[in-house]
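Biologist: I'm new to this one, and I'd like to learn how to read it. Could you walk me through a few features?

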Amino acid sequence: QVQLVESGGGSVQSGGSLTLSCAASGNTDIIYGMAWFRQAPGKEREGIASIDGAGSTNYANSVKGRFTISRDSAKNTLYLQMNTLKPEDTAMYSCAAAAVYYGLGEAYTYWGQGTQVTVSS
């Protein structure tokens, strides 16, 4: 069993930056792949960044060049550095984990509850 808890969300002005964290607890040794997803009201959930146990990453085109996913295995923590934020980045951001890597797909086994990010113009 793995528990994931996101933090770091908040309100920021367009063009600003924000860093999200996802703390994993429980049987963290089984985690290999991790990812960040977001969902805005009335829209489908979107995988935006993922990272496997070897450090390989994948990004959605909507955030490529602006967001950076990273992982600190010693701290059992996943991060999402978000730069040059735009109003369209406003969404609930959730982290996910699994024993295998699913890239930007939604088949991850464990999910956090999410943290809200609001970007104003």
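Modeller: Happy to. A pocket here is an open set of grid points with protein on both sides within 12 Å along at least five of seven lines. Keep in mind that this is a predicted model.

Biologist: How does one find such spaces, and what volume does the largest pocket have?

Modeller: Rolling a probe the size of a water molecule over the atoms shows where empty space is left. In this model, the largest pocket comes out at about 170 Å³.

Biologist: Which residues lie nearest the centre of the largest pocket?

Modeller: Those are Arg38, Lys43, Glu46, Glu88 and Asp89, out of 13 lining residues. By kind, the lining splits into eight charged, three polar and two nonpolar residues.

Biologist: Now the sheet. In what order do the strands of the open sheet come?

Modeller: Read across the four strands and you get E1-E3-E8-E7, paired antiparallel. Strands E1 (2-7) and E7 (67-72) are the edges, each pairing on one side only. From one strand to the next, the twist averages 15 degrees.

Biologist: How many bridges join E7 to strand E8?

Modeller: Six, with E8 covering residues 77-82 and the two running antiparallel. Across from Leu78 in E8 you'll find Arg71.

Biologist: Last one: is Ser94 buried or exposed?

Modeller: The cut-off for buried is under 20% relative accessible area. Ser94 has 12%, so Ser94 counts as buried. Ser94 sits in strand E9 (residues 91-98). Leaving out residues up to four places away in sequence, Ser94 touches several others, including Glu6, Trp36, Phe37 and Trp111.

Notes
Residues numbered from 1 in each chain as written. Predicted model: local features only at pLDDT ≥ 70, side-chain atom pairs only at ≥ 80, totals over all residues. Heavy atoms only, no water. 1 Å grid on protein atoms, 1.4 Å probe; cavity = no way out; pocket = protein on both sides within 12 Å on 5 of 7 lines; lining within 4 Å. Points joined across faces, edges and corners; volume = space filled by probe spheres on them. Nonpolar A, V, L, I, M, F, W, Y, C, P; charged D, E, K, R; others polar. Pairing = 2+ DSSP bridges. Axes fitted to C-alpha atoms, helices over the stretch in contact; angles between N-to-C directions. Buried < 20%, exposed > 50% of the residue type's maximum accessible area, 1.4 Å probe, protein only. Contact = heavy atoms within 4.5 Å.
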